Amino acid sequence: VLLQRLVYGAPSNPLMARGWASPFAWFVRSTVHFALAPTREAVDALATYLQRRQRQIQRGRDGPLRPVVEVGAGSGHLARLLNATGRLSPPLVATEPFPEGYAQSEDALFGPGFGDGLGGVEAMRDGEAIARHRPALVLCAFMTAGEDWTPAWRAAGVDEYVLIGDLG
């Protein structure tokens, strides 16, 4: 409730009134990555794009609709938000090599039971996820700095990938 009041507090809230110099802004910049709290409009726009591209890529191919796979999904928070829109069928598959560490850090930060815990995040690296699920698209939010996983994805036949995050 406190976090909700800080985030959605009235403009008269002294923590919100000072903009990026406020203690709240420092907390957000240093503790909570913006990907943990995307806007409803951003989630809907991304889900709409993924749905459209998933169907366009599949057009003319036999077999069931191939899923969108999120690699490096952490706790699966973004995947849960995207799946909650109801636009992705089959649902987006969230994968992360070490998801249990993310669940523990979210519990420490936001309290037990934040979101859905692991919410069905499959413990596997990106190459294994692509081989197992043969996705139409790959989604990756905040690839490890200094690494580029995309050459392996292209070599594995991934049609398209969406990268969200810092460049370089």
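I started with the strands and found an open sheet of 5 strands in the order β3-β2-β1-β4-β5, with parallel pairing. Its edge strands are β3 (122-123) and β5, each of which pairs on one side only. For pairing I used DSSP, which has to find at least two bridges between two strands. Strands here are DSSP runs of E with at least two residues, helices are runs of H or I with at least four residues, and both are numbered from the N terminus.

A note on what I'm looking at: this is a predicted model, where local features need pLDDT of at least 70 and side-chain atom pairs count only at pLDDT 80 or more, while totals for chains, interfaces and linings use all residues. Residues are numbered from 1 along each chain as its sequence is written, and side-chain values use heavy atoms, with hydrogens and water left out.

β2 (residues 93-96) pairs with β3 in the parallel sense over 2 bridges. The bridge partner of Glu96 in β3 is Ala123.

**The whole chain**

I counted 8 helices and 5 strands in the protein. From the N terminus on, I read the elements as α-α-α-α-β-α-β-α-β-α-β-α-β. Of the 168 residues, 35% are buried (under 20% relative accessible area, 1.4 Å probe, protein chains only).

I also looked at contacts (heavy atoms within 4.5 Å). Among those with a separation of 6 or more, 63% are between residues 24 or more positions apart.

**Helix α4**

Next I listed the buried residues of α4: Val43, Leu46, Ala47, Leu50, Gln54, Ile57 and Gln58. They cover an arc of only 105 degrees around the axis, which puts them on the same side of α4; the arc is taken from the directions from the helix axis to the C-beta atoms. An α-helix has 3.6 residues a turn, so residues three or four places apart point the same way.

What covers them? Among the elements over the buried residues of α4 are β1 (68-70), α5 (77-84), β4 (137-141) and β5 (160-164).

Just after α4, I noted that Gly60 takes a positive phi of about 85 degrees.

Definitions and conventions: Buried means under 20% relative accessible area, exposed over 50%, partly exposed in between (1.4 Å probe, protein chains only).
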